[in-house]
Amino acid sequence: MNFNKPSLKFRHSAAYLLSYCCLILFSLQVFGAVGDTGRSTITIGTYGYQPHIKVSAGPLQGRGINYLRKLLESAGYKPVFQVVPRKRLAQYLANGKVDMAFPIYEKELRESKRMSVRPLLFETPGLCFRKENFIPFLSVIERWKKLDIIYAGGTEIIPFLAKNNTSLKPVFGTNIQDRLIKMLASERADAAYVANVFPMYNVNSRFYRSIACSNFYGHSSAVYIAMSDQLDLSVIRSLRQSYKKLPHYAEFELETFK
Amino acid sequence: MQLSRLLLLALLFTSGGAFGEDYPALSLEVINIFMASKEVLFEKQEEINSAEADKSSLFGQSFLREIDSVYRKNHGQALPKSDHPIKTLLYQSILSVMEDNRALIMDPDLAYKGLIPATFSFQLSQRFSNSGYPVKIKFVGLRNNLVNEANNPDAWEYEVLSKVAASVSGDGILVQQVTEEKGRSLVRTLKPIYFSLDCLSCHGTVNDNSANKFISKEHWTLINKAGFKMPNYQLGDLAGGVSLKLDVLGVQEGGNLELQ
(Lines give C-alpha, C1' and ligand atoms only; values in the text may rest on other atoms or scores of the structure.)
Protein backbone atom coordinates (compact mmCIF):
# COMPACT_ATOMS: atom_id res chain seq x y z
CA MET A 1 0.00 0.00 0.00
CA ASN A 2 1.32 3.36 -0.87
CA PHE A 3 0.54 5.67 2.02
CA ASN A 4 2.27 8.53 0.34
CA LYS A 5 -0.74 9.18 -1.81
CA PRO A 6 -2.67 11.96 -0.07
CA SER A 7 -6.07 10.43 -0.91
CA LEU A 8 -5.11 7.10 0.62
CA LYS A 9 -3.76 8.84 3.70
CA PHE A 10 -7.05 10.62 4.05
CA ARG A 11 -9.02 7.37 3.67
CA HIS A 12 -6.85 5.65 6.20
CA SER A 13 -7.27 8.43 8.74
CA ALA A 14 -11.00 8.55 8.10
CA ALA A 15 -11.28 4.79 8.71
CA TYR A 16 -9.40 5.19 11.99
CA LEU A 17 -11.58 8.07 13.03
CA LEU A 18 -14.75 6.15 12.15
CA SER A 19 -13.64 3.08 14.12
CA TYR A 20 -12.75 5.28 17.07
CA CYS A 21 -16.16 7.00 16.98
CA CYS A 22 -17.91 3.63 16.77
CA LEU A 23 -15.93 2.41 19.77
CA ILE A 24 -16.87 5.50 21.77
CA LEU A 25 -20.54 5.19 20.82
CA PHE A 26 -20.53 1.49 21.68
CA SER A 27 -18.90 2.18 25.06
CA LEU A 28 -21.41 4.91 25.81
CA GLN A 29 -24.25 2.55 25.00
CA VAL A 30 -22.82 -0.20 27.17
CA PHE A 31 -22.10 2.06 30.09
CA GLY A 32 -25.44 3.78 29.63
CA ALA A 33 -27.21 0.45 29.74
CA VAL A 34 -25.30 -0.55 32.83
CA GLY A 35 -26.29 2.77 34.36
CA ASP A 36 -29.96 2.11 33.67
CA THR A 37 -30.03 -1.47 34.74
CA GLY A 38 -28.05 -0.46 37.78
CA ARG A 39 -30.81 1.94 38.83
CA SER A 40 -33.17 0.15 41.14
CA THR A 41 -35.10 3.00 42.77
CA ILE A 42 -37.05 6.00 41.55
CA THR A 43 -37.78 8.85 43.93
CA ILE A 44 -41.26 10.31 43.66
CA GLY A 45 -41.94 13.69 45.16
CA THR A 46 -45.46 14.23 46.44
CA TYR A 47 -47.55 15.87 49.15
CA GLY A 48 -50.85 15.31 50.94
CA TYR A 49 -53.38 15.31 48.12
CA GLN A 50 -56.67 13.86 49.31
CA PRO A 51 -58.01 11.36 48.59
CA HIS A 52 -55.24 10.26 46.22
CA ILE A 53 -52.26 10.77 48.53
CA LYS A 54 -52.78 10.48 52.27
CA VAL A 55 -49.90 11.66 54.43
CA SER A 56 -50.04 10.42 58.00
CA ALA A 57 -47.69 9.04 60.66
CA GLY A 58 -47.12 5.73 58.84
CA PRO A 59 -46.32 5.06 55.20
CA LEU A 60 -48.09 7.13 52.55
CA GLN A 61 -51.44 5.76 51.47
CA GLY A 62 -54.15 6.37 48.90
CA ARG A 63 -54.94 5.14 45.44
CA GLY A 64 -52.43 7.57 43.93
CA ILE A 65 -49.71 5.82 45.93
CA ASN A 66 -51.00 2.40 44.89
CA TYR A 67 -51.06 3.45 41.27
CA LEU A 68 -47.56 4.94 41.30
CA ARG A 69 -46.20 1.89 43.09
CA LYS A 70 -47.77 -0.42 40.53
CA LEU A 71 -46.41 1.72 37.68
CA LEU A 72 -42.85 1.70 38.97
CA GLU A 73 -42.80 -1.93 40.02
CA SER A 74 -44.08 -3.04 36.63
CA ALA A 75 -41.18 -1.11 35.07
CA GLY A 76 -38.74 -2.87 37.40
CA TYR A 77 -38.07 -0.04 39.85
CA LYS A 78 -38.65 0.31 43.55
CA PRO A 79 -40.54 3.50 44.40
CA VAL A 80 -39.23 5.77 47.13
CA PHE A 81 -41.80 8.37 48.11
CA GLN A 82 -40.59 11.71 49.38
CA VAL A 83 -42.99 14.20 50.89
CA VAL A 84 -42.13 17.68 49.65
CA PRO A 85 -43.79 21.02 50.49
CA ARG A 86 -46.45 21.65 47.86
CA LYS A 87 -44.93 24.90 46.61
CA ARG A 88 -41.50 23.32 46.13
CA LEU A 89 -42.47 20.14 44.33
CA ALA A 90 -42.12 21.54 40.80
CA GLN A 91 -38.74 23.06 41.74
CA TYR A 92 -37.55 19.75 43.21
CA LEU A 93 -38.48 18.08 39.94
CA ALA A 94 -36.79 20.74 37.81
CA ASN A 95 -33.59 20.44 39.87
CA GLY A 96 -33.59 16.66 39.69
CA LYS A 97 -33.95 16.35 43.48
CA VAL A 98 -36.78 13.93 42.77
CA ASP A 99 -37.08 11.73 39.65
CA MET A 100 -40.83 11.94 39.39
CA ALA A 101 -43.58 14.05 40.90
CA PHE A 102 -47.29 13.82 41.43
CA PRO A 103 -49.48 15.88 41.40
CA ILE A 104 -48.11 18.36 38.85
CA TYR A 105 -50.27 20.96 37.09
CA GLU A 106 -49.87 22.10 33.50
CA LYS A 107 -48.34 25.45 34.51
CA GLU A 108 -45.77 23.67 36.73
CA LEU A 109 -44.45 21.36 34.01
CA ARG A 110 -41.67 23.65 32.69
CA GLU A 111 -38.89 21.40 31.27
CA SER A 112 -40.08 18.25 32.99
CA LYS A 113 -41.76 15.51 31.00
CA ARG A 114 -45.31 14.28 31.35
CA MET A 115 -45.83 10.56 31.73
CA SER A 116 -48.48 10.95 29.01
CA VAL A 117 -50.13 13.80 27.16
CA ARG A 118 -53.29 12.54 28.75
CA PRO A 119 -53.78 14.01 32.24
CA LEU A 120 -54.05 11.52 35.06
CA LEU A 121 -57.03 13.36 36.48
CA PHE A 122 -58.80 16.69 36.55
CA GLU A 123 -59.52 19.08 39.38
CA THR A 124 -62.74 21.02 39.29
CA PRO A 125 -63.45 24.00 41.54
CA GLY A 126 -66.87 24.44 43.06
CA LEU A 127 -69.11 25.67 45.84
CA CYS A 128 -70.10 23.64 48.88
CA PHE A 129 -73.39 24.23 50.66
CA ARG A 130 -75.38 22.98 53.60
CA LYS A 131 -77.50 20.27 52.06
CA GLU A 132 -80.76 22.15 52.46
CA ASN A 133 -79.28 25.06 50.47
CA PHE A 134 -77.72 22.98 47.72
CA ILE A 135 -77.56 24.69 44.32
CA PRO A 136 -77.17 22.05 41.62
CA PHE A 137 -76.43 24.36 38.68
CA LEU A 138 -73.76 27.00 39.16
CA SER A 139 -74.47 28.32 35.68
CA VAL A 140 -77.54 29.95 37.29
CA ILE A 141 -75.53 32.90 38.59
CA GLU A 142 -78.60 34.54 40.13
CA ARG A 143 -78.78 31.77 42.71
CA TRP A 144 -75.35 32.49 44.23
CA LYS A 145 -74.34 36.02 43.25
CA LYS A 146 -75.52 37.50 46.55
CA LEU A 147 -74.44 34.68 48.86
CA ASP A 148 -71.72 35.08 51.50
CA ILE A 149 -68.99 32.81 50.23
CA ILE A 150 -65.92 31.85 52.24
CA TYR A 151 -62.70 30.25 51.00
CA ALA A 152 -59.30 29.19 52.32
CA GLY A 153 -57.00 32.22 52.23
CA GLY A 154 -54.44 31.94 49.44
CA THR A 155 -56.69 29.83 47.23
CA GLU A 156 -56.84 31.03 43.66
CA ILE A 157 -60.39 32.12 42.81
CA ILE A 158 -61.66 31.48 39.30
CA PRO A 159 -62.47 34.76 37.49
CA PHE A 160 -66.06 33.62 36.78
CA LEU A 161 -66.78 33.54 40.53
CA ALA A 162 -64.83 36.70 41.35
CA LYS A 163 -66.69 38.58 38.63
CA ASN A 164 -70.15 37.52 39.77
CA ASN A 165 -69.90 37.60 43.56
CA THR A 166 -68.66 40.48 45.67
CA SER A 167 -69.06 38.76 49.06
CA LEU A 168 -66.02 36.51 48.95
CA LYS A 169 -64.28 36.24 52.31
CA PRO A 170 -60.92 34.50 52.91
CA VAL A 171 -60.54 32.34 56.02
CA PHE A 172 -57.11 31.60 57.51
CA GLY A 173 -55.73 29.18 60.06
CA THR A 174 -54.90 25.53 60.53
CA ASN A 175 -57.31 22.71 59.68
CA ILE A 176 -58.79 25.08 57.18
CA GLN A 177 -61.18 22.58 55.62
CA ASP A 178 -62.72 21.84 59.00
CA ARG A 179 -63.04 25.55 59.72
CA LEU A 180 -64.80 26.17 56.43
CA ILE A 181 -67.27 23.35 57.07
CA LYS A 182 -67.88 24.46 60.66
CA MET A 183 -68.60 28.00 59.47
CA LEU A 184 -71.02 26.61 56.90
CA ALA A 185 -72.75 24.38 59.43
CA SER A 186 -73.14 27.23 61.92
CA GLU A 187 -74.63 29.40 59.15
CA ARG A 188 -71.81 31.95 59.38
CA ALA A 189 -71.51 31.60 55.62
CA ASP A 190 -73.84 30.50 52.81
CA ALA A 191 -71.27 28.62 50.76
CA ALA A 192 -67.60 27.67 50.70
CA TYR A 193 -65.50 27.91 47.55
CA VAL A 194 -63.02 25.07 47.09
CA ALA A 195 -60.38 24.75 44.37
CA ASN A 196 -61.10 21.04 44.04
CA VAL A 197 -64.49 19.63 44.96
CA PHE A 198 -63.59 15.95 45.00
CA PRO A 199 -61.64 15.77 48.29
CA MET A 200 -64.45 17.61 50.08
CA TYR A 201 -67.40 15.84 48.55
CA ASN A 202 -66.93 12.15 48.00
CA VAL A 203 -68.64 9.17 49.60
CA ASN A 204 -65.68 8.58 51.92
CA SER A 205 -65.25 12.20 52.95
CA ARG A 206 -65.90 13.01 56.60
CA PHE A 207 -67.91 16.01 55.40
CA TYR A 208 -70.22 13.93 53.19
CA ARG A 209 -73.09 13.88 55.69
CA SER A 210 -73.11 17.62 56.27
CA ILE A 211 -72.43 19.26 52.92
CA ALA A 212 -73.06 18.92 49.21
CA CYS A 213 -70.97 20.57 46.51
CA SER A 214 -71.53 21.72 42.94
CA ASN A 215 -68.82 22.05 40.31
CA PHE A 216 -67.82 24.94 38.11
CA TYR A 217 -67.64 22.77 35.03
CA GLY A 218 -65.51 24.22 32.27
CA HIS A 219 -62.93 25.45 34.81
CA SER A 220 -61.13 22.18 35.40
CA SER A 221 -57.33 21.86 35.63
CA ALA A 222 -55.38 18.92 34.30
CA VAL A 223 -53.16 17.03 36.76
CA TYR A 224 -50.19 14.95 35.59
CA ILE A 225 -47.49 12.57 36.72
CA ALA A 226 -44.26 14.24 35.64
CA MET A 227 -40.71 13.03 35.23
CA SER A 228 -37.52 15.01 35.63
CA ASP A 229 -35.79 15.89 32.37
CA GLN A 230 -32.57 14.79 34.09
CA LEU A 231 -33.84 11.25 34.18
CA ASP A 232 -32.13 8.97 31.66
CA LEU A 233 -34.09 8.71 28.40
CA SER A 234 -34.17 4.94 28.60
CA VAL A 235 -35.75 5.15 32.07
CA ILE A 236 -38.35 7.60 30.76
CA ARG A 237 -39.09 5.23 27.88
CA SER A 238 -39.44 2.21 30.12
CA LEU A 239 -41.73 4.09 32.51
CA ARG A 240 -43.91 5.25 29.63
CA GLN A 241 -44.07 1.71 28.26
CA SER A 242 -45.26 0.44 31.64
CA TYR A 243 -47.72 3.31 31.95
CA LYS A 244 -49.24 2.37 28.61
CA LYS A 245 -49.81 -1.18 29.79
CA LEU A 246 -51.48 -0.17 33.04
CA PRO A 247 -55.21 0.50 33.17
CA HIS A 248 -55.77 4.24 33.05
CA TYR A 249 -56.17 5.86 36.45
CA ALA A 250 -59.90 6.32 35.85
CA GLU A 251 -60.28 2.56 35.53
CA PHE A 252 -57.87 1.99 38.36
CA GLU A 253 -60.08 4.25 40.48
CA LEU A 254 -63.10 2.19 39.45
CA GLU A 255 -61.30 -0.96 40.52
CA THR A 256 -60.75 0.50 43.96
CA PHE A 257 -64.47 1.21 44.30
CA LYS A 258 -65.42 -2.42 43.66
CA MET B 1 -72.65 26.74 1.39
CA GLN B 2 -75.94 24.96 0.89
CA LEU B 3 -76.92 22.21 3.26
CA SER B 4 -77.36 19.84 0.34
CA ARG B 5 -73.78 20.56 -0.70
CA LEU B 6 -72.53 19.82 2.78
CA LEU B 7 -74.36 16.52 2.73
CA LEU B 8 -72.91 15.79 -0.70
CA LEU B 9 -69.42 16.43 0.65
CA ALA B 10 -70.16 13.96 3.37
CA LEU B 11 -71.11 11.36 0.77
CA LEU B 12 -67.94 12.08 -1.16
CA PHE B 13 -65.64 10.95 1.57
CA THR B 14 -67.64 8.62 3.74
CA SER B 15 -67.47 5.91 1.10
CA GLY B 16 -63.73 5.72 0.75
CA GLY B 17 -60.65 5.76 2.90
CA ALA B 18 -59.53 9.23 1.87
CA PHE B 19 -57.29 9.23 4.94
CA GLY B 20 -56.53 5.53 5.04
CA GLU B 21 -59.15 5.13 7.73
CA ASP B 22 -62.86 5.88 7.64
CA TYR B 23 -62.81 8.87 9.98
CA PRO B 24 -66.29 10.13 9.05
CA ALA B 25 -67.78 6.75 9.98
CA LEU B 26 -65.73 6.70 13.18
CA SER B 27 -66.89 10.25 14.03
CA LEU B 28 -70.50 9.27 13.55
CA GLU B 29 -70.07 6.19 15.69
CA VAL B 30 -68.57 8.29 18.50
CA ILE B 31 -71.44 10.77 18.28
CA ASN B 32 -73.98 7.94 18.40
CA ILE B 33 -72.36 6.48 21.53
CA PHE B 34 -72.27 9.96 23.08
CA MET B 35 -75.98 10.46 22.38
CA ALA B 36 -76.95 7.01 23.62
CA SER B 37 -75.19 7.68 26.93
CA LYS B 38 -77.05 10.97 27.20
CA GLU B 39 -80.33 9.16 26.58
CA VAL B 40 -79.57 6.66 29.35
CA LEU B 41 -78.97 9.57 31.70
CA PHE B 42 -82.43 10.83 30.85
CA GLU B 43 -84.06 7.44 31.43
CA LYS B 44 -82.29 7.13 34.77
CA GLN B 45 -83.46 10.42 36.26
CA GLU B 46 -85.80 8.79 38.77
CA GLU B 47 -83.09 6.42 39.91
CA ILE B 48 -80.53 9.21 40.15
CA ASN B 49 -82.78 11.40 42.30
CA SER B 50 -84.11 8.59 44.47
CA ALA B 51 -82.91 8.24 48.06
CA GLU B 52 -83.43 4.49 48.24
CA ALA B 53 -83.09 3.01 44.76
CA ASP B 54 -80.39 0.51 43.87
CA LYS B 55 -77.99 2.63 41.85
CA SER B 56 -75.52 -0.02 40.76
CA SER B 57 -76.65 0.25 37.14
CA LEU B 58 -75.31 3.81 37.03
CA PHE B 59 -71.67 2.82 37.35
CA GLY B 60 -69.03 0.75 35.60
CA GLN B 61 -69.87 -2.07 33.21
CA SER B 62 -73.54 -2.02 34.26
CA PHE B 63 -73.84 1.52 32.96
CA LEU B 64 -72.21 0.51 29.67
CA ARG B 65 -74.76 -2.31 29.39
CA GLU B 66 -77.53 0.28 29.77
CA ILE B 67 -75.97 2.30 26.95
CA ASP B 68 -75.70 -0.85 24.88
CA SER B 69 -79.41 -1.48 25.26
CA VAL B 70 -80.28 2.08 24.12
CA TYR B 71 -77.79 1.84 21.26
CA ARG B 72 -79.37 -1.42 20.08
CA LYS B 73 -82.80 0.22 20.19
CA ASN B 74 -81.61 3.26 18.23
CA HIS B 75 -79.29 1.65 15.70
CA GLY B 76 -80.30 -2.01 15.57
CA GLN B 77 -76.83 -3.19 16.56
CA ALA B 78 -74.68 -3.67 19.62
CA LEU B 79 -72.68 -0.87 21.16
CA PRO B 80 -69.42 -0.61 19.15
CA LYS B 81 -66.41 -2.41 20.58
CA SER B 82 -63.61 -0.25 21.89
CA ASP B 83 -61.38 -1.18 18.96
CA HIS B 84 -60.05 2.34 18.39
CA PRO B 85 -58.34 4.63 20.94
CA ILE B 86 -61.07 7.25 20.40
CA LYS B 87 -63.80 4.82 21.39
CA THR B 88 -61.74 3.52 24.30
CA LEU B 89 -61.26 7.07 25.47
CA LEU B 90 -64.97 7.80 25.17
CA TYR B 91 -65.97 4.74 27.21
CA GLN B 92 -63.39 5.60 29.85
CA SER B 93 -64.65 9.17 29.92
CA ILE B 94 -68.27 8.05 30.34
CA LEU B 95 -67.37 5.84 33.29
CA SER B 96 -65.16 8.54 34.81
CA VAL B 97 -67.92 11.12 34.64
CA MET B 98 -70.31 8.78 36.42
CA GLU B 99 -67.66 8.13 39.06
CA ASP B 100 -67.06 11.87 39.42
CA ASN B 101 -70.74 12.16 40.26
CA ARG B 102 -70.89 9.20 42.63
CA ALA B 103 -71.11 11.39 45.73
CA LEU B 104 -73.97 13.35 44.23
CA ILE B 105 -75.83 10.31 42.93
CA MET B 106 -75.52 8.43 46.23
CA ASP B 107 -76.40 11.43 48.42
CA PRO B 108 -79.63 10.46 50.22
CA ASP B 109 -80.30 14.00 51.43
CA LEU B 110 -80.67 15.67 48.04
CA ALA B 111 -84.09 15.28 46.46
CA TYR B 112 -82.93 16.82 43.19
CA LYS B 113 -79.34 16.15 42.20
CA GLY B 114 -79.19 18.17 39.02
CA LEU B 115 -77.34 15.46 37.11
CA ILE B 116 -79.31 15.86 33.91
CA PRO B 117 -78.42 15.04 30.28
CA ALA B 118 -77.18 18.59 29.68
CA THR B 119 -74.75 18.60 32.61
CA PHE B 120 -73.71 15.01 31.95
CA SER B 121 -72.94 15.68 28.29
CA PHE B 122 -71.06 18.86 29.18
CA GLN B 123 -68.92 16.98 31.69
CA LEU B 124 -68.41 14.16 29.23
CA SER B 125 -67.37 16.46 26.42
CA GLN B 126 -64.94 18.24 28.76
CA ARG B 127 -63.44 15.01 30.01
CA PHE B 128 -63.14 13.56 26.50
CA SER B 129 -61.93 16.71 24.78
CA ASN B 130 -59.33 17.63 27.42
CA SER B 131 -57.70 14.24 27.38
CA GLY B 132 -54.85 15.22 25.10
CA TYR B 133 -56.33 13.36 22.15
CA PRO B 134 -56.90 15.42 18.97
CA VAL B 135 -60.66 14.88 18.94
CA LYS B 136 -63.16 17.28 20.44
CA ILE B 137 -66.82 16.62 21.01
CA LYS B 138 -69.42 18.96 22.43
CA PHE B 139 -73.04 19.86 22.51
CA VAL B 140 -73.64 23.13 20.69
CA GLY B 141 -76.68 25.30 21.29
CA LEU B 142 -78.32 28.02 19.27
CA ARG B 143 -76.63 31.37 19.76
CA ASN B 144 -79.83 33.27 20.54
CA ASN B 145 -80.84 30.97 23.39
CA LEU B 146 -77.81 29.58 25.18
CA VAL B 147 -78.16 28.31 28.74
CA ASN B 148 -74.45 27.61 29.02
CA GLU B 149 -72.03 29.98 27.25
CA ALA B 150 -69.60 27.10 26.81
CA ASN B 151 -72.06 25.61 24.31
CA ASN B 152 -71.55 28.54 21.98
CA PRO B 153 -71.10 27.24 18.41
CA ASP B 154 -67.96 28.18 16.46
CA ALA B 155 -68.21 29.66 12.95
CA TRP B 156 -68.59 26.28 11.20
CA GLU B 157 -71.13 24.97 13.71
CA TYR B 158 -73.06 28.23 13.54
CA GLU B 159 -73.24 28.07 9.75
CA VAL B 160 -74.39 24.46 9.78
CA LEU B 161 -76.97 25.02 12.52
CA SER B 162 -78.32 28.07 10.70
CA LYS B 163 -78.75 26.04 7.52
CA VAL B 164 -80.35 23.18 9.42
CA ALA B 165 -82.71 25.59 11.21
CA ALA B 166 -83.72 27.11 7.88
CA SER B 167 -84.30 23.74 6.23
CA VAL B 168 -87.40 21.58 6.48
CA SER B 169 -87.36 19.65 9.75
CA GLY B 170 -85.70 16.27 9.40
CA ASP B 171 -83.65 17.41 6.41
CA GLY B 172 -80.52 17.95 8.41
CA ILE B 173 -79.98 14.50 9.78
CA LEU B 174 -76.21 14.71 9.70
CA VAL B 175 -73.64 17.10 8.31
CA GLN B 176 -70.04 16.09 7.70
CA GLN B 177 -67.29 18.07 6.05
CA VAL B 178 -63.52 18.15 5.74
CA THR B 179 -62.17 21.59 6.60
CA GLU B 180 -58.67 23.04 6.83
CA GLU B 181 -57.37 24.82 9.90
CA LYS B 182 -53.77 26.02 10.11
CA GLY B 183 -52.84 23.62 7.34
CA ARG B 184 -54.39 20.60 9.05
CA SER B 185 -57.34 18.57 7.79
CA LEU B 186 -60.26 18.35 10.16
CA VAL B 187 -63.17 15.99 9.78
CA ARG B 188 -66.13 17.87 11.17
CA THR B 189 -69.44 16.24 12.01
CA LEU B 190 -72.60 17.78 13.40
CA LYS B 191 -75.69 15.82 14.27
CA PRO B 192 -78.66 18.09 14.96
CA ILE B 193 -80.85 17.42 17.99
CA TYR B 194 -84.56 18.23 18.05
CA PHE B 195 -86.70 18.67 21.15
CA SER B 196 -88.61 15.55 22.12
CA LEU B 197 -91.43 15.39 24.66
CA ASP B 198 -88.99 14.50 27.43
CA CYS B 199 -86.86 17.58 26.74
CA LEU B 200 -89.83 19.91 27.02
CA SER B 201 -90.19 19.37 30.77
CA CYS B 202 -87.34 21.88 31.12
CA HIS B 203 -87.17 23.51 27.67
CA GLY B 204 -90.85 23.83 26.80
CA THR B 205 -93.63 26.12 27.96
CA VAL B 206 -94.98 26.76 31.45
CA ASN B 207 -97.48 23.92 30.84
CA ASP B 208 -94.61 21.48 30.35
CA ASN B 209 -92.60 22.64 33.36
CA SER B 210 -91.92 19.63 35.58
CA ALA B 211 -91.41 22.01 38.51
CA ASN B 212 -95.17 22.66 38.33
CA LYS B 213 -96.07 19.01 38.79
CA PHE B 214 -98.51 18.56 41.70
CA ILE B 215 -98.90 22.34 42.05
CA SER B 216 -102.20 24.12 41.45
CA LYS B 217 -102.20 26.23 38.32
CA GLU B 218 -102.39 29.60 40.12
CA HIS B 219 -99.01 28.82 41.72
CA TRP B 220 -97.27 27.69 38.56
CA THR B 221 -93.81 29.08 37.89
CA LEU B 222 -91.96 29.97 34.72
CA ILE B 223 -88.70 28.85 36.30
CA ASN B 224 -87.67 25.26 35.63
CA LYS B 225 -85.92 22.88 38.02
CA ALA B 226 -82.52 24.04 36.83
CA GLY B 227 -83.38 27.62 37.80
CA PHE B 228 -83.81 28.98 34.27
CA LYS B 229 -86.89 30.51 32.70
CA MET B 230 -88.81 28.05 30.50
CA PRO B 231 -87.75 29.00 26.95
CA ASN B 232 -91.08 28.02 25.25
CA TYR B 233 -89.73 25.53 22.74
CA GLN B 234 -92.18 23.26 20.94
CA LEU B 235 -91.97 19.59 20.07
CA GLY B 236 -89.64 19.11 17.06
CA ASP B 237 -87.89 22.48 17.36
CA LEU B 238 -84.16 22.45 16.74
CA ALA B 239 -82.29 22.25 20.07
CA GLY B 240 -78.74 22.39 18.73
CA GLY B 241 -76.45 19.52 17.89
CA VAL B 242 -73.61 17.30 18.88
CA SER B 243 -70.45 18.41 17.14
CA LEU B 244 -67.25 16.42 16.69
CA LYS B 245 -63.96 17.75 15.38
CA LEU B 246 -61.29 15.22 14.44
CA ASP B 247 -57.76 16.33 13.58
CA VAL B 248 -56.71 13.75 10.98
CA LEU B 249 -52.94 14.17 11.30
CA GLY B 250 -53.20 14.25 15.08
CA VAL B 251 -55.13 11.00 15.15
CA GLN B 252 -52.74 9.38 12.68
CA GLU B 253 -49.87 10.36 14.95
CA GLY B 254 -51.83 9.13 17.94
CA GLY B 255 -49.53 6.19 18.53
CA ASN B 256 -46.72 8.59 19.40
CA LEU B 257 -48.75 10.52 21.90
CA GLU B 258 -48.08 8.18 24.80
CA LEU B 259 -51.77 7.56 25.12
CA GLN B 260 -53.46 5.26 27.60
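Is Glu66(B) buried, partly exposed or exposed? In this predicted model, Glu66(B) counts as partly exposed, at 24% relative accessibility.

**View 1. Salt bridge between Lys44(B) and Glu66(B).** The N to O distance between the two side chains is 3.4 Å. Lys44(B) lies in the loop between H2 and helix H3 (45–49) of chain B, and Glu66(B) lies in helix H4 (residues 60–75), so the pair links distant parts of the chain, 22 residues apart. Lys44(B) is buried because its relative accessible area is 9%, under the 20% limit.

**View 2. Salt bridge between Lys87(B) and Glu29(B).** The closest N and O atoms are 2.9 Å apart. Lys87(B) is buried, at 5% relative accessible area, whereas Glu29(B) is partly exposed, at 23%.

**View 3. Salt bridge between Asp178(A) and Arg206(A).** The side chains meet at 2.5 Å, N to O. Asp178(A) belongs to helix H5 (residues 176–185) of chain A, and Arg206(A) to the loop between helix H6 (197–200) and strand S10 (211–215), 28 residues apart. Asp178(A) is partly exposed, with a relative accessibility of 25%. Arg206(A) counts as exposed because its relative accessibility of 59% is over 50%.

**View 4. Network of salt bridges in chain B.** The linked residues are Lys138(B), Asp154(B), Glu157(B) and Arg188(B). Over all chains, the count comes to 21 salt bridges.

Definitions and conventions. Residues are numbered from 1 along each chain as its sequence is written. Chains are lettered from A and ligands numbered from 1 in the order in which they are written. This is a predicted model: local features need pLDDT of at least 70, side-chain atom pairs count only at pLDDT 80 or more; totals for chains, interfaces and linings use all residues. Side-chain values use heavy atoms; hydrogens and water are left out. A salt bridge is a side-chain nitrogen of Lys or Arg within 4 Å of a carboxyl oxygen of Asp or Glu. Helices (H or I, at least four residues) and strands (E, at least two) are DSSP runs, numbered from the N terminus. Buried means under 20% relative accessible area, exposed over 50%, partly exposed in between (1.4 Å probe, protein chains only).
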